[in-house]
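My notes are below, in the order I looked things up.

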Amino acid sequence: MAATAPPSPLIPTPTPPETASLRNRIFARIRIAYSSDAPLLHKLIYQLAAYHRLTHIFSSTESSLSATLSNSQPFQSITIFLLEVSPTPFPDVPVGYEPPITGILNLDLPIVDPESQEFGSGGEAVVVGFVLFYPKYGILLGKAGFHVAGLYVRECYRKKGFGKMLLSAVAAQAVNMGYGEVEWVVFSWNVNAIGFYKKMGAEFHEQTTICRLAHDALQACGSLS
């Protein structure tokens, strides 16, 4: 009888390499901003003004933001959603009066944020952007809605889905409240924003012109009464 061949040495099963999307996983959270967030919001709004080339009329202060948020009931007056990201999951605890919206993004490449310390919001969390909105009434529609006064995502986080998350959060709140619309204004030169809004399904009213009274003109018009 032929001798039995010795058993083949065990070859360990190779561990599948971690995919790039899992290595670049990022956790996101949208929550209501409160007066304690005023310093971070002030920096974000200044960056928004710089992006829109409007720093010459920027007069917002941390104190004015804090006072506004302290006196505003969410969704009944001025409301701000803050978008934060973290490399680790956010704790499952309430934040303020409304539960936050959370999600996970798997990115192709890691995000290099040169301002991560300046915009840190606690632990490993970093503020990415915001959207400010308030109630309005559509006189022709016959329903209330939201007007978005400002939506901003910091430069290194753009074109990764964060702007869509913020606008979708406002739209979802409008639907939950039975509102009929969400509207906003976009500069005609901002082709990137226009393209983004078209992809979101927004309608454009080309013949509309924005009119505003501010500063001395507001004072003068008010004195006529």
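**Arg-154 and its partners**

I started with a salt bridge: the side chains of Arg-154 and Asp-113 meet at 2.6 Å, N to O. This is a predicted model, so I read every distance as a property of the prediction.

I checked where the two sit. Arg-154 is in the loop between β6 and α4, and Asp-113 is in the loop between β3 (101-106) and β4 (120-122), so the pair ties together parts that are 41 residues apart in sequence. Buried or exposed? Both Arg-154 and Asp-113 are buried.

I then found that Arg-154 also forms a salt bridge with Glu-115, side chain to side chain, at 3.2 Å, N to O. Glu-115 is in the loop between β3 and β4 as well, so this pair ties together parts that are 39 residues apart in sequence.

I looked up accessibility for this second pair. Arg-154 comes out at 1% relative accessibility, so I have it down as buried. Glu-115 is at 26%, so that one is partly exposed.

Gln-47 lies in helix α2 (residues 38-51). Leaving out residues up to four places away in sequence, I get Glu-115, Phe-119, Tyr-152 and Arg-154 as the contacts of Gln-47. The relative accessible area of Gln-47 is 17%, and the cut-off for buried is under 20%, so I count Gln-47 as buried.

**Other salt bridges**

How many salt bridges are there in the whole structure? My search finds seven.

One of them joins the side chains of Glu-181 and Lys-136, at 2.4 Å, N to O. Glu-181 lies in strand β7 (residues 181-184) and Lys-136 in strand β5, so this pair ties together parts that are 45 residues apart in sequence. Glu-181 is partly exposed, with a relative accessible area of 26%, whereas Lys-136 counts as buried at 17%.

I also noted a network of salt bridges that links Arg-29, Arg-31, Asp-37 and Glu-84.

**The nonpolar core**

Next I went to the largest nonpolar core. It has 45 residues, and those touching the most other members are Leu-41, Phe-81 and Phe-130. I listed the elements that give two or more residues to this core: β1 (25-32), α2, α3 (62-70), β2 (79-86), β5 (125-138), β6 (143-153), α4 (162-176) and α5 (191-199). Which element gives the most? That is β5, with seven residues.

Not counting residues up to four places away in sequence, Leu-41 touches Ala-33, Leu-65, Leu-69, Ile-80, Leu-82 and Phe-130.

**Helix α5**

Last stop was α5. Which of its residues are buried? I get Ala-193, Ile-194 and Tyr-197. These three cover an arc of only 100 degrees around the axis, which puts them on the same side of α5. I checked what covers these buried residues, and the list includes α4 and β7.

Then I turned the helix around. The face away from the buried side carries the exposed residues Val-191, Asn-192, Lys-198 and Lys-199.

Methods: Residues are numbered from 1 along each chain as its sequence is written. This is a predicted model: local features need pLDDT of at least 70, side-chain atom pairs count only at pLDDT 80 or more; totals for chains, interfaces and linings use all residues. Side-chain values use heavy atoms; hydrogens and water are left out. Helices (H or I, at least four residues) and strands (E, at least two) are DSSP runs, numbered from the N terminus. Buried means under 20% relative accessible area, exposed over 50%, partly exposed in between (1.4 Å probe, protein chains only). Contact means heavy atoms within 4.5 Å. A nonpolar core is a set of buried Ala, Val, Leu, Ile, Met, Phe, Trp, Tyr and Cys residues joined through side-chain atoms within 4.5 Å. A salt bridge is a side-chain nitrogen of Lys or Arg within 4 Å of a carboxyl oxygen of Asp or Glu. The arc is that of the directions from the helix axis to the C-beta atoms.
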